[in-house]
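Open the model in your viewer and keep the selection tool at hand.

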Amino acid sequence: NPKDGEIFETINVLDKSALKALLEKYKPTQVYLLAAMLSATGEQYPMKAWDLNMNGLLNVLDLALELGIKKIFWPSSIAVFGPHSPKKDTPQYCVMDPNSIYGISKLAGERLCEYYHNKYGLDIRSVRYPGIISWKTAPGGGTTDYAVHIFFEALKNGKYTSFLSAQTALPMLYMEDAVAGTIALMDAPEEQLTIRSSYNLGGLSFTPAEIAEEIKKILPNFEMSYVENDPRQTIADSWPASIDDTSAQKDWNWKPKFDLQTMTKDMIENLK
Ligand code: VAH
């Protein structure tokens with residue numbers, strides 16, 4: 001935990017020896033492995049996505065054991081659910097038949113996390129993030145990216161063409177809540193945790209039409225349009241519309257603060 005400011009040093013998480021040298025140099029007490037290739041880009045380069053998402057995780061798991069790193073955070077995703085998973089209020093445990101390489105890699109990753117915890121006692125913690133919305137960086141490579149692009153475009157051009165259809169409901173989460181929730185999980189006493197694959201994390205659930213209406217309340221001239229047959233529609237159609245996150249609420253008091261209205265207001269105020 002660097003005291004004065006942050007230390008940025010870049011290494012490729014697939015370069016195990018460089019990763020080991022970095023960990024031995026800074027001796028972190030916690031490692032947050034956020035490097036991954038997301039759903040849409042993953043479908044363009046499936047084997048690269050599998051390699052980065054799986055071997056990046058395995059490198060961190062093995063080095064955490066070897067170097068005795070106390071806590072690891074690794075994000076899963078609602079992408080682990082598939083066409084036969086319940087669509088509404090998707091439960092913590094159910095049929096999971098992801099059909100994107102990203103979802104397959106995240107489901108396999110969850111199995112590894114639980115295995116390393118049960119077999120080696122590694123304190124690795126995880127949440128299934130919904131689509132995350134933030135204003136600090138432009139999105140890239142995700143199926144839920146429309147929900148971020150829409151704000152950039154609304155302010156820049158007063159209009160946005162959505163690659164997901166008007167009624168495509170998806171689980172979403174504002175970045176402030178995602179960060180607070182992640183830290184709440186990492187700070188929770190270990191004995192309180194009952195899930196070592198990955199916790200469902202709900203938040204918001206809305207459609208492109210609903211977020212467009214919310215934006216229009218602040219930018220009345222905003223115009224929304226839609227294109228069809230975007231490959232990301234197929235991915236979105238295989239995902240839940242909303243998530244049941246009762247386990248996270250019970251085990252570590254998960255409670256998002258932002259709703260669609262307050263998120264929209266905050267996004268536009270900050271992006272302006
Ligand atoms: C994606 N933003 O769209 C990511 C996320 C649930 C969606 O995993 O691929």
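Glu214 lies in helix α7, residues 208-216; helices are DSSP runs of H or I with at least four residues, strands are runs of E with at least two, and both are numbered from the N terminus.

This is a predicted model, in which local features need pLDDT of at least 70 and side-chain atom pairs count only at pLDDT 80 or more, while totals for chains, interfaces and linings use all residues. Residues are numbered from 1 along each chain as its sequence is written, and side-chain values use heavy atoms, leaving out hydrogens and water.

Now show what surrounds Glu214. Leaving aside neighbours within four places in sequence, Glu214 is in contact with Leu260, Gln261 and Thr264 (contact means heavy atoms within 4.5 Å).

Next, select Ala79, in the loop between β3 (76-77) and α4 (101-120). Ala79 has 0% relative accessibility and so counts as buried. Beyond neighbours within four places in sequence, its contacts are Pro98, Tyr102, Gly103 and Trp239.

Technical notes:
Buried means under 20% relative accessible area, exposed over 50%, partly exposed in between (1.4 Å probe, protein chains only).
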